[in-house]
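This briefing covers side-chain interactions, strand pairing and nonpolar cores. Please read it alongside the sequence and structure shown here.

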Amino acid sequence: MKKKILPLAMAASAWGAHADDQLALRVVVDGSRISQLGMADSAAEGSVTQSQLQARTTYRPGELLEATPGLIVSQHSGEGKANQFYLRGFNLDHGTDLRTTVDDMPVNQRSHAHGQGWTDLNFVIPELTARLDYRKGAYSAETGDFGSAGATTLTYANRLATGIANLTVGQNGFGRALIADTRELPSGSGNLLYALEVMHNNGPFTRGDNYRKLNGVLRYSEGYSNNGFHITAMAYGAHWNATDQIPRRAVDNGTLGRFDAVDPTDGGSAHRYSLSGAWQRTTDDYTTRASAYVIANRLDLFSNTTYYMDDPVNGDQVAQPDRRVTSGFDASHAWRFRGDAIMSTTTVGVTAQNDNIHNGLYHTKARQVIGMTRQDHIVETSGAVYVENQTRWTPALRTVAGLRADHYRFDVEGDRAANSGKANDTLVSPSLSLILGPWASTEFFVNAGNGFHSNDARGTVITVDPKANEAVERVTPLARSRGLDLGVRSEWLPGLQTSLSLFRLDFDSELVFVGDAGSTEAGRPSRRYGIEFSNYYKPVKWLSLDADLAYARARYRNADAAGDYVPGAVEGTAQLAVTVTPEGPWSGALRLRWFGPRPLIEDNSARSAATMTLNGRVGYKLGKTTHLELEVFNLTNRRASAIDYYYASRLKGETAPVDDFHFHPIESRSLRFSLTHGF
């Protein structure tokens with residue numbers, strides 16, 4: 001396929017563009033990765049097509065994000081819980097410092113009962129995803145909160161070329177059915193897309209997850225991605241049991257099996273309902289975009305990670321309910337200027353978000369409340385304005401300069417007056433990028449910028465630890481980050497797209513709210529260095545090879561007797577894949593996924609082992625519209641951990657807490673058979 005450098009006007013809108021589905025499906029036929037030459041502002045930015053996403057073996061919807069080079073998506077509890085994310089030397093917990101949006105709606109949940117930035121992607125229907133856009137580092141004025149390590153955007157299709165009927169069955173009680181289609185309205189003015197998904201999964205656990213999901217999407221659209229609009233309603237509900245992490249000592253002495261649970265009553269339920277809309281108008285001289293959303297989320301989560309340490313009689317299970325309504329809008333206007341030698345685009349944007357939250361922390365036994373630690377009503381409101389200029393000064397020189405100002409207001413009404421109150425904070429974040437080239441289909445990048453993540457509203461007004469009844473310090477509402485990237489991207493060798501990034505990322509303080517304790521902890525200032533090497537090679541039409549490698553070094557920047565290692569910080573990740581799509585009915589793929597060892601405590605005396613899995617799939621076309629597929633997860637049936645911790649816990653019958661490794665195992669080898677029919 002002939003390479004093409006896009007005009008700056010198209011490059012400026014590439015990140016926010018909604019992939020038109022007819023075009024997206026033509027890209028599937030072409031089957032190659034989107035060229036980023038002349039479009040991307042850094043070597044750590046890119047887009048993943050629908051065909052590439054569909055070629056991946058994904059155990060759960062959140063793993064779609066692993067198409068972002070260097071990103072690992074894991075799980076340490078039941079299927080309905082938000083995933084665990086690793087990127088650029090971060091253990092991002094459930095989403096802090098990884099901003100995620102779906103169709104212009106934020107997925108990260110602020111001031112969440114369980115963890116700041118909670119990112120639950122279980123409502124995503126992979127077949128509707130037209131593309132994934134990603135960028136790493138705080139180098140865009142558009143990104144904002146949670147985007148210091150990276151940002152990912154999933155865009156749904158407006159139309160489907162054909163209807164989709166899918167039935168999947170597998171081991172461990174897995175079953176899934178999906179039907180989706182687009183109907184052109186009789187008037188011919190618009191299209192109505194619908195999708196309905198049902199799913200069940202037990203997993204390999206002794207007490208099955210019994211994960212039950214019902215999911216639906218309804219979208220009306222007119223026009224195209226660059227000139228049109230859509231209105232979308234989504235509804236998702238799920239219930240599950242959870243097998244949380246277990247202590248290694250119990251497995252070593254035979255008390256527990258790898259897939260057993262200490263507390264068999266852990267689990268939860270989640271519901272999400274949303275109504276959103278987006279509109280865009282594009283001419284030769286300007287682009288105007290606007291979107292708005294209302295999202296209702298409800299979570300009931302029961303977990304027990306210390307077992308009988310705090311309460312030897314009833315156990316330590318806690319409930320973390322969270323109910324919220326999130327509303328907001330984003331609007332931007334971009335002007336384009338074309339001179340004799342200069343092309344420039346200036347974008348001005350405004351965004352606002354409001355979260356009305358009711359959450360709490362309760363002591364429970366078998367999901368029944370026996371005590372309260374805290375409960376709060378939180379209203380968190382934020383607004384931002386930004387300006388960004390992209391200019392191509394010469395055929396081999398581009399710059400991107402941005403400035404963003406965010407203001408946050410926190411209002412907490414708690415069960416204790418001492419932990420109630422109001423707070424606010426304002427932060428200004430500049431960014432600058434320099435792009436040189438292309439020469440011989442090769443570009444060079446220098447990126448620098450400031451970012452931030454918001455901290456839990458409860459931490460901004462707290463004065464008393466609700467569990468220990470001791471005085472505590474309040475946290476800074478907005479924690480600043482400073483980043484620097486040096487990169488190169490090349491397509492010099494025909495068929496090969498490669499990029500190399502060197503990065504540094506500093507945080508003034510890794511402040512976190514400890515949801516399981518209901519209190520805040522002020523983290524120390526940190527620094528991360530790293531290197532990322534990403535490659536996509538298509539030597540012939542029917543074969544593609546992926547090789548994504550990353551290494552990071554994370555340390556605290558101040559001296560402390562405890563040590564300077566950042567617990568949980570991933571030190572390396574790798575994904576290697578081969579995809580074969582020859583002419584004829586057969587196709588297949590293999591993907592090796594590895595994430596390296598991690599320090600589990602500050603002095604590095606307790607470390608996790610590396611985790612590696614091999615997944616594969618084989619497909620067969622029964623006709624033009626029917627496709628049969630076999631997916632195999634953990635092909636070699638490795639006994640490894642999805643996540644590891646090191647902390648003190650107490651099992652029933654033990655006289656005192658024991659410092660120990662705690663782990664959640666990866667799923668054992670399992671097979672899934674899928675039949676898909678287009679209509």
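Which residue lies over the face of Phe661? Arg248 does, at 4.2 Å from the ring centre; a charge sits over a ring if NZ of Lys or CZ of Arg is within 6 Å of the ring centre and within 35 degrees of the ring normal. This is a predicted model, in which local features need pLDDT of at least 70 and side-chain atom pairs count only at pLDDT 80 or more, while totals for chains, interfaces and linings use all residues. Residues are numbered from 1 along each chain as its sequence is written, and side-chain values use heavy atoms, with hydrogens and water left out.

**Aromatic rings**

- Arg672 is placed over the face of Tyr59, at 4.4 Å from the ring centre.
- The whole structure contains eleven aromatic pairs; rings of Phe, Tyr and Trp (its six-membered ring) pair if their centres lie within 6.5 Å, and planes under 30 degrees apart count as stacked, over 60 as edge-to-face and the rest as tilted.
- Phe205 and Phe259 are an edge-to-face pair because their planes stand at 70°, with ring centres 5.9 Å apart.
- This pair links distant parts of the chain, 54 residues apart: Phe205 is in the loop between β11 (191–201) and β12 (211–223), and Phe259 is in the loop between α4 (248–252) and β15 (267–282). Helices (H or I, at least four residues) and strands (E, at least two) are DSSP runs, numbered from the N terminus.
- Phe205 and Phe259 are both buried, where buried means under 20% relative accessible area, exposed over 50% and partly exposed in between (1.4 Å probe, protein chains only).
- Tyr220 and Phe229 have ring centres 6.1 Å apart and planes at 55°, so this pair is tilted. Phe229 is partly exposed, at a relative accessible area of 27%.
- One aromatic cluster is formed by Tyr408, Phe410 and Phe452.

**Salt bridges**

- The whole structure holds 34 salt bridges, each a side-chain nitrogen of Lys or Arg within 4 Å of a carboxyl oxygen of Asp or Glu.
- Arg398 bridges to Asp41, with the closest N and O atoms 3.5 Å apart. Arg398 is in strand β21 (residues 397–414) and Asp41 in the loop between α2 (21–30) and β1 (45–49), 357 residues apart. Both Arg398 and Asp41 are buried.
- Arg598 and Asp644 form another salt bridge, at 3.1 Å between the closest N and O atoms. Arg598 is buried, at 1% relative accessible area, as is Asp644, at 10%.
- A network of salt bridges links Arg110, Asp322, Arg324, Asp355 and Glu380.

**Strand pairing**

- An open, antiparallel sheet is formed by three strands in the order β14-β35-β34; two strands pair if DSSP finds at least two bridges between them.
- The edge strands, β14 (246–247) and β34 (641–649), each pair on one side only.
- Eight bridges join β34 to β35 (residues 658–665), and Ser641 stands opposite Pro665 in β35.

**Nonpolar cores**

- The largest nonpolar core has 51 residues; such a core is a set of buried Ala, Val, Leu, Ile, Met, Phe, Trp, Tyr and Cys residues joined through side-chain atoms within 4.5 Å.
- The residues with the most contacts inside this core are Leu65, Phe85, Val124, Leu128, Val217 and Trp240.
- Another core, of 14 residues, lies apart from it and includes Tyr308, Ile643, Leu651 and Phe663.
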